[in-house]
There are 4 protein chains.
Amino acid sequence: MAELQRASISPDQALSIVVVGASGDLAKKKTYPALFTLFKNKLLPDHASIWGFARSAIQIDDFRKQIRASMKGSEEEKDAFVQRCFYYQGAYDSVSSFKDLSEKMALYEQDHRGPSANRIFYMAIPPNVFVDVARAVHGAGLSTSGWNRVVVEKPFGHDLASSRQLVQQMGELYQEDQLYRIDHYLGKELVLNLLVLRFANLVFVPLWNRDHISNVIITFKEDILLEGRAGYFDKFGIIRDVMQNHLMQMLALIAMEPPVRLTAEYVRDEKVKVLRACAPIVVEDVVTGQFEGYKDDPDVPEDSITPTFATAVVRINNLRWEGVPFILKCGKGLNERKAEVRIQFKNVPGSPFRGAVRNELVLRVQPDEAIYMKMMTKVPGLNDFEDLTQSEMDLTYKKRYTGGTLPDAYERLILDVMRGDHTHFVRSDELEAAWQIFTPMLHELERRRVSPVSYKPKSRGPDESDVLIERNGFVRSVGYSWTNPY
Amino acid sequence: MAELQRASISPDQALSIVVVGASGDLAKKKTYPALFTLFKNKLLPDHASIWGFARSAIQIDDFRKQIRASMKGSEEEKDAFVQRCFYYQGAYDSVSSFKDLSEKMALYEQDHRGPSANRIFYMAIPPNVFVDVARAVHGAGLSTSGWNRVVVEKPFGHDLASSRQLVQQMGELYQEDQLYRIDHYLGKELVLNLLVLRFANLVFVPLWNRDHISNVIITFKEDILLEGRAGYFDKFGIIRDVMQNHLMQMLALIAMEPPVRLTAEYVRDEKVKVLRACAPIVVEDVVTGQFEGYKDDPDVPEDSITPTFATAVVRINNLRWEGVPFILKCGKGLNERKAEVRIQFKNVPGSPFRGAVRNELVLRVQPDEAIYMKMMTKVPGLNDFEDLTQSEMDLTYKKRYTGGTLPDAYERLILDVMRGDHTHFVRSDELEAAWQIFTPMLHELERRRVSPVSYKPKSRGPDESDVLIERNGFVRSVGYSWTNPY
Amino acid sequence: MAELQRASISPDQALSIVVVGASGDLAKKKTYPALFTLFKNKLLPDHASIWGFARSAIQIDDFRKQIRASMKGSEEEKDAFVQRCFYYQGAYDSVSSFKDLSEKMALYEQDHRGPSANRIFYMAIPPNVFVDVARAVHGAGLSTSGWNRVVVEKPFGHDLASSRQLVQQMGELYQEDQLYRIDHYLGKELVLNLLVLRFANLVFVPLWNRDHISNVIITFKEDILLEGRAGYFDKFGIIRDVMQNHLMQMLALIAMEPPVRLTAEYVRDEKVKVLRACAPIVVEDVVTGQFEGYKDDPDVPEDSITPTFATAVVRINNLRWEGVPFILKCGKGLNERKAEVRIQFKNVPGSPFRGAVRNELVLRVQPDEAIYMKMMTKVPGLNDFEDLTQSEMDLTYKKRYTGGTLPDAYERLILDVMRGDHTHFVRSDELEAAWQIFTPMLHELERRRVSPVSYKPKSRGPDESDVLIERNGFVRSVGYSWTNPY
Amino acid sequence: MAELQRASISPDQALSIVVVGASGDLAKKKTYPALFTLFKNKLLPDHASIWGFARSAIQIDDFRKQIRASMKGSEEEKDAFVQRCFYYQGAYDSVSSFKDLSEKMALYEQDHRGPSANRIFYMAIPPNVFVDVARAVHGAGLSTSGWNRVVVEKPFGHDLASSRQLVQQMGELYQEDQLYRIDHYLGKELVLNLLVLRFANLVFVPLWNRDHISNVIITFKEDILLEGRAGYFDKFGIIRDVMQNHLMQMLALIAMEPPVRLTAEYVRDEKVKVLRACAPIVVEDVVTGQFEGYKDDPDVPEDSITPTFATAVVRINNLRWEGVPFILKCGKGLNERKAEVRIQFKNVPGSPFRGAVRNELVLRVQPDEAIYMKMMTKVPGLNDFEDLTQSEMDLTYKKRYTGGTLPDAYERLILDVMRGDHTHFVRSDELEAAWQIFTPMLHELERRRVSPVSYKPKSRGPDESDVLIERNGFVRSVGYSWTNPY
């Protein structure tokens with residue numbers, strides 16, 4: 001990975017990574033395992049140290065035991081890694097806690113490559129303590145001899161007003177270029193690949209517009225239910241939890257114009273630009289659902305109208321996309337786990353062939369990453385030459401790229417934070433633009449207390465969703481399903 | 001194969017197939033095996049009979065033994081098939097021979113579904129006896145109670161004047177719609193698929209023009225040498241033997257405009273149209289080669305300048321193709337056996353990606369039929385997201401369509417003759433147009449006695465060919481070769 | 001006119017032009033005046049003679065006086081011209097009449113450049129005597145020492161069957177390349193210019209398709225009523241009299257693909273091709289009208305349902321045009337006299353401008369030939385820069401090309417006959433294809449005895465026509481009308 | 001002008017316009033006449049006052065007499081206008097001068113619609129006192145009860161470093177949205193019209209790219225020589241004085257992508273974006289010239305290498321424009337006065353027409369504003385229908401829009417300042433981007449002391465320029481010149 005060595009991570013300075021909320025789920029399931037994998041792959045600087053911070057009183061040995069639990073590797077590697085991991089108990093809003101932590105880190109930094117040191121503050125904490133922590137860190141936790149970067153996770157507010165407030169509060173404490181807002185979908189292999197596919201392959205260039213594309217469906221399906229997150233989830237619902245961020249980020253990458261160059265700001269300029277060209281979603285273009293049994297969860301109010309499923313149509317008013325519906329669909333408790341982008345092309349005008357069905361380009365984000373183009377071929381053999389069958393040109397990652405696993409999104413993103421590359425993080429104006437698209441619709445659903453349609457767990461979701469999708473021009477083809485070729 | 005049943009083959013009439021030249025190579029290697037396969041697949045009418053005609057005195061049992069040798073199937077099937085096969089010895093130009101044969105066939109026809117009968121005359125004979133046979137057949141061999149169809153094989157003349165003469169002579173005897181001129185490349189699966197690919201898939205429609213395609217290379221490589229055909233071959237050379245017919249037919253299908261409908265005449269109208277838009281090839285756009293040792297063959301003159309290899313550039317002067325060279329390349333004694341069409345797209349204009357190489361759509365005609373699109377993807381993993389690698393979307397027939405073998409071109413074409421479908425046969429105006437493109441160059445090469453460049457057997461052919469190809473805009477990419485995925 | 005001299009008209013052979021039906025309206029109003037203008041412009045060969053043939057007994061001096069009446073020029077020119085004009089009285093179906101005429105012509109030809117002579121037979125006669133004359137001419141009137149060409153005028157049948165019969169009958173007498181079927185719209189300046197506009201101007205090339213064109217309206221409006229032609233007209237009606245020929249010929253030129261080259265057969269191949277891609281018109285896509293008072297004409301039956309006005313939508317099922325309605329509209333007794341083609345473009349997708357109306361390219365065929373593009377500009381001056389107004393880029397012939405009058409269509413077409421250029425004449429397969437589009441609808445209207453909508457003379461025609469046109473996507477813009485700028 | 005009334009100019013607040021440098025040329029020739037015209041057209045608020053500020057000691061009556069000299073209107077109008085004009089003598093860097101002026105203005109404002117007041121500071125001063133004035137104004141001249149806007153004129157530095165410094169210095173005193181950087185070309189009617197032409201007319205949309213455009217030439221020609229500006233001009237030269245600003249602004253409007261909406265920041269975002277996609281100009285793509293006699297001017301150094309003429313090629317590396325040279329050409333002492341944009345389209349690929357020359361879309365900015373499309377038509381008349389002639393579709397303003405004169409650019413721009421519309425002013429990042437394109441080339445020309453080519457006054461400039469232009473694909477057509485049609 002010569003490239004990675006080039007983009008070296010400040011080799012002359014110490015690096016301390018503070019995981020705020022170290023005892024929480026996110027930290028244990030995502031942050032520490034990702035850091036461990038980077039460590040195993042020698043992508044963490046030798047001198048880096050990792051500082052867990054949380055309210056719980058935990059002994060360092062217990063803490064290390066906890067984080068080992070979700071790490072995959074040899075015992076030697078785990079031993080070496082946890083030696084770099086420390087734990088500090090403190091209050092989230094306490095300047096003195098962070099002052100104390102900072103002094104501890106400074107001593108360690110001094111011993112390891114100091115005196116100059118850089119620090120990353122990874123905020124693995126609930127939204128309600130967000131600003132408090134940010135303020136306390138700003139008050140006393142920052143390095144004074146190197147850079148400081150703050151990694152934050154969604155939710156970034158729950159509507160336009162609250163998002164703006166959060167942006168403003170953080171903006172008073174940190175420069176925009178110190179902030180790394182994670183949308184972990186931006187770290188997924190197929191999503192990272194979108195810019196390459198679109199702008200390094202001439203064959204997609206003339207196709208990528210309203211003249212040839214009928215509709216685009218971005219799907220996120222989970223087969224699991226709430227998994228203990230009911231309390232959090234019910235306050236947000238699937239539209240805020242998944243659609244407004246993950247699916248809209250994918251939409252932006254699919255729909256954006258080519259950037260001037262591939263640097264972070266040019267890429268994000270274009271993402272913002274296309275988001276600003278989207279009309280606010282109207283309620284008529286939305287179907288919401290709630291799986292049967294949702295309200296039985298003790299953490300869910302009896303009269304909850306929180307959607308666990310939603311389909312919504314985004315309309316982009318620009319030269320490239322006017323008239324092409326971007327259909328976002330996401331849900332929990334469905335029949336499968338899958339995230340994919342499906343670009344359905346138009347019919348061939350005046351085609352002499354009967355029975356031709358539409359081409360589709362499918363980007364399967366997870367699981368089983370793949371890119372395939374559904375297309376028509378002659379039925380092989382002695383049939384009439386105009387007898388058609390659906391086939392596909394296929395690029396399935398596991399088959400094409402054998403002998404390795406793709407990195408987790410968090411590994412890529414934490415590495416980007418260390419290297420100072422903002423390309424795959426969400427800029428504040430993207431947040432603003434995305435909330436402008438969703439807020440009026442969300443508020444109207446809530447104001448009118450629109451009840452979501454009930455659907456059975458393990459089903460495809462409400463039929464109303466299919467009706468909406470077909471009304472927007474999607475033609476479901478029968479008799480074809482892609483088979484994982486490996 | 002419901003479709004085939006629809007297009008039923010005159011079930012109420014007898015069918016006699018006369019294989020003129022039945023003792024020759026073509027008949028044994030191609031015609032009889034193809035007829036046998038059709039028979040096995042129940043695609044030959046029950047009442048069909050097959051009448052070998054040649055000069056040699058062979059006993060029917062010996063003849064049947066001979067043709068069995070190249071048939072693949074069970075003994076029962078072979079037994080059943082050869083029961084339908086008869087042999088008649090006669091002179092090619094003898095009206096009385098054909099009169100006699102005709103009477104024999106009439107008796108058989110009478111017994112099998114007659115009195116009404118259709119007849120196919122398959123001319124598996126050398127060009128010098130062509131017209132004689134046609135005339136003798138016309139004089140006395142035809143069915144008077146059904147249709148008569150005449151199947152002819154290349155060569156269709158050796159230049160414009162001789163081709164015109166042949167067309168005229170045949171035209172005095174037969175209607176154009178009685179003639180089925182075989183170019184067996186038109187019967188190959190991937191070539192048959194070309195119209196489907198181009199006109200039933202929207203994704204290829206906007207790509208298929210000078211704005212996006214840099215160049216097209218149509219390649220035919222044989223690793224074998226002369227295999228006993230030296231006497232014939234030296235009179236024709238590779239340009240007449242392969243390029244002017246097989247490669248030009250593929251060019252026509254790739255370059256033609258969409259037909260009004262998929263019927264034979266509309267398809268052939270468009271093929272003629274694009275051939276007429278081709279400028280005559282100029283000598284500067286041609287490289288010829290001759291493999292070392294060619295002239296050692298006893299059947300080859302010592303001073304032969306007959307090319308065994310040629311690369312030539314065809315330029316199409318129309319709105320779609322002006323400026324896109326169609327590069328035809330064919331040769332014997334090369335490093336591999338392969339026939340393919342390679343469409344190389346242009347660079348992405350203003351691409352932000354460095355190191356992107358061009359997309360290519362490859363149609364691999366033989367062996368190992370496949371369609372694949374070379375394209376760029378992000379190097380999977382933690383590399384910079386703008387690090388590119390060449391990959392491909394692939395449709396390899398053996399992998400995708402398992403459990404069957406593709407039919408031989410001759411099976412398809414003979415079936416088409418029985419069904420009366422001219423789509424995949426060469427019309428006389430196509431011949432005329434193709435010869436207009438090649439004749440001036442061929443005559444100039446001969447007039448100036450241009451010596452072909454010598455090349456080693458088992459090599460890629462002369463370097464001069466690569467120079468010509470690169471001068472025409474083809475960019476060879478290094479570090480990539482498609483791997484047969486099955 | 002160097003070009004014309006190049007295309008010289010057989011200077012070594014005599015030329016006799018026979019005007020059959022010389023005493024009729026067409027001959028007097030169109031044929032003779034056109035011949036006279038060619039003569040004045042030295043475009044008639046010196047040795048040419050013109051032979052009127054008709055049933056009436058007229059003295060040569062009277063005949064010359066009659067034709068002088070509609071000629072415009074000096075007395076000297078008229079004197080010189082009528083010296084070449086002769087008259088012969090005979091029966092249309094009489095071989096002996098034409099034999100006699102032929103002998104007379106031969107004597108004259110002998111004296112003027114003979115013995116070799118070419119002859120043009122201009123059929124200015126009613127349809128019912130058409131074949132009789134053609135047969136009689138064929139029997140005895142032809143030149144035996146040069147070419148013979150036959151010029152015929154519509155109607156070419158009244159439906160598919162009658163047209164086929166006529167084609168077949170004429171085909172038994174004359175080769176297709178001896179026949180010049182006049183559709184005089186093909187001789188009009190702006191119609192002749194269509195191929196140039198479309199294929200010599202890059203700026204129209206990318207616009208000319210379904211991605212950019214919303215609809216095309218081809219309009220033919222007459223303000224006159226029947227003018228004594230009621231007897232003839234009522235048998236045919238406006239659809240057969242104008243739409244199926246003149247408007248369809250314009251449609252073909254607008255919609256056809258680029259020809260291989262500009263020769264007559266390539267051009268007509270493309271016209272046929274696009275006509276064959278048109279679906280038969282359905283009755284639902286037709287509005288017919290009849291002006292009030294039509295049935296008061298003594299030559300019109302009391303219960304006539306013959307339309308004097310019609311709007312019909314032609315749908316072309318090919319790659320270029322699927323979804324673009326070609327709207328044909330024609331009528332008598334309307335508010336103005338005008339023939340034009342109006343190509344209305346689509347809206348700008350995602351346009352930031354409000355109030356923009358659609359671009360239109362208008363080809364005004366008559367009167368006042370002009371080409372103009374309606375477009376939006378900023379309101380000149382200090383208004384907001386996004387305030388729009390409709391303007392146009394204009395090319396009006398009388399303003400741009402001063403000091404000359406454009407030739408009449410007949411002059412051009414007769415000149416083409418003399419030069420042997422078929423480009424602007426209708427080939428038999430065009431007739432066939434055009435009748436296939438119209439015949440089912442015409443027969444259904446007649447079978448169901450559909451009554452045309454009544455409309456007031458001097459009006460815009462029935463409102464139902466506007467409804468049909470708007471339903472097909474045409475957007476009428478208000479507040480704009482093109483002003484003739486000279 | 002209902003639109004203008006809508007966009008009302010703070011009717012409830014007083015407005016003071018300070019013209020700093022009131023005794024200079026720019027103020028007298030442009031600023032005061034423009035203000036007067038706005039006044040005449042009732043576009044200046046009733047309560048506005050205009051305060052000249054300069055170093056010279058002039059009596060108010062004399063000052064008013066001076067400014068009257070270049071005003072066109074009735075004596076009554078002039079009387080009324082000058083009553084609003086005051087004069088204040090002061091030092092440019094003097095805070096106390098501006099404090100004093102401010103107090104005087106406050107008294108007047110108080111009497112006219114106050115106490116709330118807005119102020120415009122129009123900087124009609126040399127670059128060397130620019131920052132001093134800005135600082136002094138900021139120190140004491142601003143309104144404290146309304147908005148303050150600062151209008152500045154070029155030059156905005158003389159290279160990237162000096163421009164950045166200026167931007168930074170001004171940025172410390174004023175917000176970007178208080179600054180109105182004038183490039184008066186942005187106020188010209190045809191330039192204002194560019195966004196409308198491009199984005200409100202579908203017919204231009206598919207044409208506007210590398211597939212159809214061969215090259216773009218933006219020309220600025222003056223017939224005058226130095227007119228007393230030699231001292232200033234010699235320090236800057238034509239590239240800095242005209243090309244880097246006026247011509248690049250036009251380039252940006254022609255080449256930019258469509259903005260999200262038509263507001264100032266979206267429009268300027270796109271202008272910046274396309275400027276950033278331009279490669280720095282290389283010296284090989286530049287021809288410079290100096291008219292004979294230039295160095296005879298007493299204010300010009302004897303060895304001056306300052307160009308009075310330049311042609312340079314800008315290359316835009318993006319998807320739309322790669323490979324399309326944008327040729328900028330400007331000079332003094334040439335054969336005519338003209339500013340125009342000429343977009344030359346490519347040849348028609350595979351055109352059947354010989355002798356077709358390229359289409360060109362010409363936007364004539366001054367004098368005689370016009371838009372015309374050069375195109376090919378059939379030679380009217382009886383010529384062969386494939387005989388072509390160059391013609392044009394034309395929109396000449398004086399002919400189409402009679403009865404009014406177009407406003408001067410300054411009127412439009414000052415009105416925009418009053419209305420707070422930044423669309424037609426240059427943002428600081430545009431400056432930065434434009435200087436990045438020009439600075440390396442300018443520095444290299446100077447470092448190597450490249451001598452400009454000498455050319456005769458009243459000529460077309462150096463031949464080397466034509467060579468460069470033709471090398472970049474421009475095809476000069478002969479035998480055609482557009483004639484002003486009014």
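A polar contact is a pair of N or O atoms within 3.5 Å; within protein, one must be able to donate a hydrogen and the other to accept it, and residues adjacent in sequence count only if both atoms are side-chain atoms. By that rule, six residue pairs are in polar contact across the interface of chain D and chain A, both residues at pLDDT 80 or more. This is a predicted model, in which local features need pLDDT of at least 70 and side-chain atom pairs count only at pLDDT 80 or more, while totals for chains, interfaces and linings use all residues. Residues are numbered from 1 along each chain as its sequence is written, chains are lettered from A and ligands numbered from 1 in the order in which they are written, and side-chain values use heavy atoms, with hydrogens and water left out.

**Chain D against chain A**

- Eleven residues from chain D and eleven residues from chain A are in contact, meaning heavy atoms within 4.5 Å.
- About 1,000 Å² is buried between chain D and chain A, 60% of it on carbon and sulfur atoms; buried area is the accessible area (1.4 Å probe) that two parts lose on being put together, summed over both.
- Within chain D, the most area is lost to chain A by D:Lys273, D:Arg276 and D:Leu319, together 47% of what that side buries.
- Two salt bridges are counted between chain D and chain A, each a side-chain nitrogen of Lys or Arg within 4 Å of a carboxyl oxygen of Asp or Glu.
- A salt bridge joins the side chains of A:Glu270 and D:Lys273 (2.7 Å, N to O).
- The side of chain D that touches chain A has six nonpolar, no polar and five charged residues; Ala, Val, Leu, Ile, Met, Phe, Trp, Tyr, Cys and Pro count as nonpolar, Asp, Glu, Lys and Arg as charged, and the others, Gly among them, as polar.

**Chain D against chain C**

- This contact takes 73 residues from chain D and 73 residues from chain C.
- Chain D and chain C bury about 6,200 Å² between them, with 67% of it on carbon and sulfur atoms.
- Of the area that chain D buries against chain C, D:Leu202, D:Leu382 and D:Phe385 supply 14%, more than any other three residues.
- Six salt bridges are found across the interface of chain D and chain C.
- D:Asp384 and C:Arg419 meet through their side chains in a salt bridge (2.1 Å, N to O).
- Between chain D and chain C, 30 residue pairs are in polar contact (both at pLDDT 80 or more).
- By class, 43 nonpolar, 14 polar and 16 charged residues make up the side of chain D that touches chain C.

**How the copies are related**

- Chain D is superposed on chain C by a rotation of 180° with 0.1 Å of shift along its axis (RMSD 0.1 Å), using least squares on the C-alpha atoms of residues with pLDDT of at least 70 in both.
- The two copies are thus related as by a two-fold rotation axis.
- For chain D on chain A, the superposing rotation is 180° with 0.0 Å of shift along its axis (RMSD 0.0 Å).
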